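The paragraphs below walk through a two-part subject: one chain by itself, then its partner and the place where they meet. Please keep the sequence and the model in view while reading.

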Amino acid sequence: MAFDKMELRDIEVWDGNFAAAQAMRQCQIDVVAAYPITPSTPIVEGYAKFQADNYVEGEYVMVESEHAAMSACIGAAAAGGRVATATSSQGFALMVETLYQSSGMRLPIVLNVVNRALAAPLNVNGDHSDMYLGRDSGWIQLDAYCPQDAYDLNFIAFKVSEDHGVRLPCMVHQDGFMTSHTAQGVKTLTDDEGYGFVGDFKPMNDMLDFEHPVTHGVQTEEDWHFEHKARQHNDLMTKVFPKIQAAFDDFEKLSGRKYNIVESYDMDDADVAVICMGTSVETAREVATEMREKGIKAGVVGLRVIRPFPFMQIQEALKDVKAIATLDRSNPNGAPGMLFNEMAGCMYNLETRPMLCGKVYGLGGRDLTKAHLVELYTELQANVDAGKITTPLQQFIGVRGPKLSFL
Amino acid sequence: MSEMKKIKNLKEFSTSADRFEGANLLCPGCAHSIIVREVLNATNDDLVLSASTGCLEVCTAVYPYTSWDASWIHIGFENGSTAVAGAESMYKALKTKGRLKQPERNPKFVSFAGDGASYDIGFQWISGCMERGHNIMHVVLDNEVYANTGGQRSSSTPIGGSNTTTPAGTHSYGEKQNKKDMVSIMASHHIPYSAQVAPNKWKDMVKKIQKGFEMDGPVFINAVSPCTTEWKFDPKDTMHLTDLSTDSLVFPLYEIIHGRELNITYRPKNVIPVEEYLAAQGRFKHLFKDEYKYLIKEWQDRVDDNWSYLQRREEAKV
């Protein structure tokens with residue numbers, strides 16, 4: 001039974017979850033294995049309804065846990081077809097073992113991660129704790145700032161992940177509730193355009209090719225393990241960015257929407273800049289514009305690709321600024337913060353070596369307000385004026401009680 | 001149509017082309033390889049196989065070698081069943097979409113796992129696969145112990161066995177819990193077919209595997225796999241130990257259809273006392289001390305009780 005196509009308006013009003021579900025539908029996935037968890041549940045519910053209404057073809061397997069969801073995705077991907085799922089938070093944490101297995105087995109899988117805090121204490125709202133948990137797992141990680149991005153980046157994810165020169169799984173992150181449950185205008189592709197962009201799935205080492213039996217998921221010890229891991233790292237470092245850039249270029253030709261590995265706003269002559277991810281990028285961008293009206297040359301750098309980490313691109317974007325603040329939306333638990341650490345690594349060898357301080361914000365869905373960012377830019381400018389860092393290196397933003405700062 | 005092998009005799013069976021190579025690293029005398037070969041040799045159809053982490057997996061797919069001349073996957077300890085279920089889902093999807101490379105083939109999806117990977121850590125995954133009705137067969141290589149990691153108890157380990165995490169000592173007779181009744185639990189999922197098999201009764205095993213392959217839906221097979229290393233017997237005695245296990249009725253051979261109809265498939269002509277089965281294994285050596293002999297009597301009572309239950313259930317046809 002052939003499936004039905006869906007007529008979309010040029011602009012639909014979708015939240016991030018439904019935008020992701022629509023992109024998954026248009027990519028014509030062969031197997032979706034999933035388990036519901038807040039706030040990503042509407043993705044798998046949306047997909048289920050598409051199947052119930054004959055808008056998708058293929059298997060939809062509602063498994064008994066997120067670990068099983070990714071396990072089934074691995075088996076399905078090794079069998080040779082297009083595979084995707086979605087999760088958040090605790091479910092993501094439960095999946096972690098299989099994240100390393102899927103990337104180590106070089107299987108293309110797309111995972112929509114609707115970012116949410118990690119317990120304890122239990123919390124259903126958005127922060128980047130789960131996203132950070134995945135950062136060493138060998139996956140490609142793309143970051144959406146709004147529902148439009150969540151839609152578009154799914155197409156990019158399939159295209160890059162399934163490329164035979166890449167063969168690595170890919171996450172598409174969006175902020176829980178702030179993106180996933182906030183309806184906005186989303187410019188759509190037609191079903192033919194969307195599917196045409198990702199193209200037919202091209203199997204490789206597929207278990208269902210019985211003329212060429214393959215062994216997946218072997219044992220390696222000290223004799224070969226390092227080489228396998230090194231090759232995976234090599235491919236992440238050297239092969240993925242050109243493929244992402246090519247996919248961004250093709251996508252711009254198709255849709256007119258331009259994505260960059262590092263998203264720079266007002267950075268050409270910026271003295272002070274913040275670097276952040278998710279919905280905060282848009283907030284920071286708005287505040288930066290306002291700061292410029294006050295005479296502070298403010299800019300914003302958003303990470304579009306978190307892994308592989310765009311070291312060179314970030315150096316290029318930030319080499320001429322004088323002071324930078326990193327915004328980490330995950331509890332560093334005894335360290336300066338992932339983004340701070342990565343940025344310190346990026347900037348240390350630059351001759352210009354901008355001043356760098358780190359902020360921790362928004363845990364468990366706490367809002368990052370424009371006032372917070374005004375204060376932050378003002379502080380960065382004060383550092384520039386003083387010619388040195390005048391505040392502690394690490395500060396918490398928006399937490400109750402006396403101002404919390406370290407280092 | 002699926003293609004099942006016709007087997008005349010053991011010689012023919014042992015020399016027929018198989019897809020599990022003798023080149024593997026399993027211990028001499030390990031029953032795993034015998035069971036695997038008997039399962040694979042039951043069909044000429046293509047196979048998609050998985051192994052959960054364990055002896056079979058670490059001994060048959062050490063890069064850059066493989067012992068498998070069939071599609072094979074290993075992910076982790078707990079999820080071999082779900083790996084094959086994922087592959088089976090992809091098979092169904094590609095069949096619907098007309099994208100199978102060899103659409104005329106009729107592949108069989110089989111997951112192999114030890115008792116640790118099935119009774120313990122993989123329990124939830126297997127239950128999920130059974131409940132969802134995947135067309136897969138899960139085969140437990142039941143050696144009643146975590147053999148790959150050096151003999152720790154699992155929930156399949158029988159009472160009184162001395163294992164590295166439940167050792168016998170001056171104040172302990174070893175494992176304190178009874179073995180989990182996995183076949184009943186799986187049958188309670190009302191799957192089309194579940195059965196207990198033993199490699200010494202190869203005709204019975206092949207018949208059951210073939211029956212399982214013919215079923216539409218999940219199949220659960222529990223295969224007794226005497227472990228020369230952890231049960232502590234001479235590697236040449238594997239088949240003897242298997243004979244003792246089936247003929248003492250410690251491992252009765254039976255099948256359960258659709259979770260209801262139970263058929264006993266092997267009735268030993270001469271039932272051997274459980275004591276003989278225990279005496280043949282180093283893991284039960286301490287039970288023969290005077291203070292623990294009552295446990296041997298309890299063993300016999302338990303086996304008698306189970307055999308009586310199986311017979312009553314078979315007769316009742318419910």
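Of the 407 residues in chain A, 56% are buried; a residue is buried if 20 or more other C-beta atoms lie within 10 Å of its own, exposed if 12 or fewer, and partly exposed in between, with C-beta atoms placed from the backbone. The model is predicted, and local features need pLDDT of at least 70, side-chain atom pairs count only at pLDDT 80 or more, while totals for chains, interfaces and linings use all residues. Residues are numbered from 1 along each chain as its sequence is written, and chains are lettered from A and ligands numbered from 1 in the order in which they are written.

Chain A contains 13 helices and 17 strands; helices (H or I, at least four residues) and strands (E, at least two) are DSSP runs, numbered from the N terminus. Its C-alpha trace spans about 70 × 55 × 45 Å along the principal axes. A compact globule of 407 residues would have a radius of gyration near 22 Å, and the 21 Å of chain A agrees with this. That radius is taken over C-alpha atoms, and the globule rule is 2.2 Å times the number of residues to the power 0.38.

Chain A is assigned domain 1 (11-255) and domain 2 (264-406), with bounds that come from an automatic or database domain assignment. The centres of domain 1 and domain 2 of chain A, taken over C-alpha atoms, are separated by 29 Å. Their contact takes 26 residues from domain 1 of chain A and 20 residues from domain 2 of chain A; two residues are in contact if their C-beta atoms, placed from the backbone, lie within 7 Å. On the domain 1 side, E6(A) supplies the largest share, four residues. By class, this side of domain 1 of chain A has 14 nonpolar, eight polar and four charged residues. Here Ala, Val, Leu, Ile, Met, Phe, Trp, Tyr, Cys and Pro count as nonpolar, Asp, Glu, Lys and Arg as charged, and the others, Gly among them, as polar.

The largest nonpolar core has 211 residues, and those with the most contacts inside it are Ala273(A) and Ala87(B). Such a core is a set of buried Ala, Val, Leu, Ile, Met, Phe, Trp, Tyr and Cys residues joined through C-beta atoms within 7 Å. Helix H3 (residues 66-79) of chain A gives the most to this core, with 10 residues. Because domain 1 and domain 2 of chain A both give residues to this core, it lies between them. Leaving out residues up to four places away in sequence, Ala273(A) touches several residues, including Met267(A), Val301(A) and Leu318(A).

Now to the partner chain. Contacts link 39 residues of chain A with 40 residues of chain B. H3(A) gives the most to the side of chain A that touches chain B, with 10 residues. This side has 18 nonpolar, 14 polar and seven charged residues. E9(A) and strand E2 (residues 71-73) of chain B run parallel and are joined by two bridges; strands pair if DSSP finds at least two bridges between them. Within this pairing, His216(A) stands opposite Ile73(B).

Within chain B, nine of the nine residues of helix H2 (residues 32-40) are buried, so this helix is largely enclosed by the rest of the structure. Among its buried residues are Arg37(B) and Glu38(B). The cover over H2(B) includes strand E1 (47-51) and helix H8 (202-214) of chain B.
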